[in-house]
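Here are my notes on the model you sent over, point by point. Have the viewer open while you read.

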Amino acid sequence: MYDIIRHELRRRKRPVGVAIVGLGFMGYGLLRQLQSMDGFRVQLLVSRNLDRTQARLRQAGVPFVITDTAASAAQGDHGDLLRVTDDYRSISQASCDIVVEMSGDVPYATIVTLHSLDAGLNVATMNAELHATVGHRLRRIADDAGLVVADVQGDQPGSLAAFMEEVRFFGFNPVMAGNIKGFLDHHATPESLIEEGQKRGLSGKQVTSFTDGTKIALEMALVANHYGMTLLAPGMHGHTVESLDEILNVFDWSRVPEQGCVDYVIGRGLPAGIFVVGTHSDAGQASYLQYLKLGDGPLYMLYRPFHLCHLEAPYSIARMVLYGKGTIHSAAQPTTAVVAIAKRDLLPGDVLDGIGGYCCYGEIRTVADPETPAAVPIGLAEGATVKRAITKDELIAFADVTLPVNRAVELFYENR
């Protein structure tokens, strides 16, 4: 399929025109990747921090021109120069084929995605936060418009979706889609992870969201909602293992329902990859699978020891443009949600700082859990003002806070 995509890109009369929204760690990596590939042209870069963006592009030797308004984005021929703006409305004036949203910010990504859909453009994302929070609403809007909003392969949910597609083709019936994590501390804060963030080139809030479990909850919610899967326990189990071979031994497979479930394992030194556990549709293949060192069955564990983030993303982008097919997106009726849990004692008047902050972390729950409908999604928590005292590790309910006014909150409540 990769060769087919490359061939189709070469056959096009013009490159795929891409607008990238967000020039963080992954956004910059994707920009470099697309600029080095045949068949793509990054026509527009939307960044809310023009000073930092200009400095980064100059340091990398990337030619660019600033277009300050939506109108100016459509004016003049800038040749091969990358057009850069802080105005997302420029997207509809830039003659792009697709928008790639990579801000990681739920309210802002909601505005950008709605604007892009209104302009008749498909939206690829590397933003599980968006999908796990309002993805079901965006899915309905995109479906009604005959468009696609989907996360890309390379981000772990997209890589899991691609892997699920592959193992199903091989005859396996997945019962668990899994993620591999190296460390977990629900109460981690940006202050405690400054050094780690600097080493990785990430912001304090980004590395905190990876460490406190919020990011994996959001990623696995997207996978569960895409496939209609469920959980074995609130928050998932997240068993600690020494090796991947232990995966088949640490879960109670008798409790896995027919629709399957999502979960993860923790292991220092394990590859930052993904795994799928499943049965095989042909019992007669058991001796062959044993020969292939997959074990005695009836459950088999297959894993991919890596996900390559922005390096894989162009495949999903091209497939969306060429065939209108997304890699992974939320169902219109999600099965899970990621709720906000207090990271410390909170007092009336405190303002929540959202994903990766000091105040709360995200935990995946099923929508059938009686507590879930009353709970604030972690993707809507930033800027909420606490109305009553909330104790550490207590679920934060809608009744406990006053939510900010933004487009994500409005969209979440529309037709609820």
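1. Secondary structure first: the protein has 14 helices and 16 strands. Keep in mind that this is a predicted model, so everything below is computed from predicted coordinates.

2. On overall dimensions, the C-alpha trace spans about 65 × 60 × 45 Å along the principal axes. A compact globule of 416 residues would have a radius of gyration near 22 Å, and the protein agrees, because its own value is 22 Å.

3. Next, packing and surface. Of the 416 residues, 56% count as buried. If you take the contacts with a separation of 6 or more, 74% of them come from residues 24 or more positions apart. The accessible surface comes to about 18,200 Å², and carbon and sulfur atoms hold 50% of that.

4. Now a few single residues worth a click. Asn122 is in strand β6, which runs over residues 122–125. Is Asn122 buried or exposed? At a relative accessible area of 15%, Asn122 falls under the 20% cut-off, so it counts as buried. A polar atom of the Asn122 side chain lies 2.8 Å from the backbone nitrogen of Val148. Val148 also turns up in the contact list of Asn122, together with Ile98, Val99, Leu147 and Met320, once neighbours within four places in sequence are set aside.

5. Helix α9 covers residues 204–211, and its buried residues are Val207, Thr208, Ser209 and Thr211. What covers them? Among the elements doing so are β8 (172–181), α8 (194–200) and α10 (214–227). After α9 comes Gly213, with a positive phi near 95°.

6. Lys343 is the one I'd zoom in on. You'll find Lys343 in the loop between β13 (336–342) and β14 (360–366). Its relative accessible area is 3%, so Lys343 is a buried lysine. Where does its side chain go? The Lys343 side chain reaches the backbone oxygen of Ala188 at 2.8 Å. Leaving out residues up to four places away in sequence, Lys343 touches a set of residues that includes His186, His187, Ala188, Thr189, Asp212, Tyr358, Cys359, Cys360 and Lys392. Thr208 is on that contact list too, and Thr208 is one of the buried residues of α9.

7. Glu312 is another buried charged side chain to look at, with a relative accessible area of 8%. Glu312 lies in the loop between β12 (300–304) and α13 (313–323). Which side-chain partner does Glu312 have in a polar contact? That is Gln153, with the two side chains at 3.0 Å. A polar atom of the Glu312 side chain also lies 2.6 Å from the backbone nitrogen of Leu308.

8. Still on Glu312, look at the sequence separation. Glu312 and Val152 are 160 residues apart along the chain, while their C-alpha atoms are 8.0 Å apart in space. Besides Gln153, the residues that Glu312 touches beyond four places in sequence are Gly154, Ser159, Arg304 and His307.

Note on methods
Residues numbered from 1 in each chain as written. Predicted model: local features only at pLDDT ≥ 70, side-chain atom pairs only at ≥ 80, totals over all residues. Heavy atoms only, no water. Helix = DSSP H or I, 4+ residues; strand = E, 2+ residues; numbered from the N terminus. Buried < 20%, exposed > 50% of the residue type's maximum accessible area, 1.4 Å probe, protein only. Polar contact = N/O pair within 3.5 Å; in protein donor to acceptor, adjacent residues only side chain to side chain. Contact = heavy atoms within 4.5 Å. Rg over C-alpha atoms; globule rule 2.2 N^0.38 Å. Areas by Shrake-Rupley, 256 points an atom, 1.4 Å probe, with all protein chains shown as cover.
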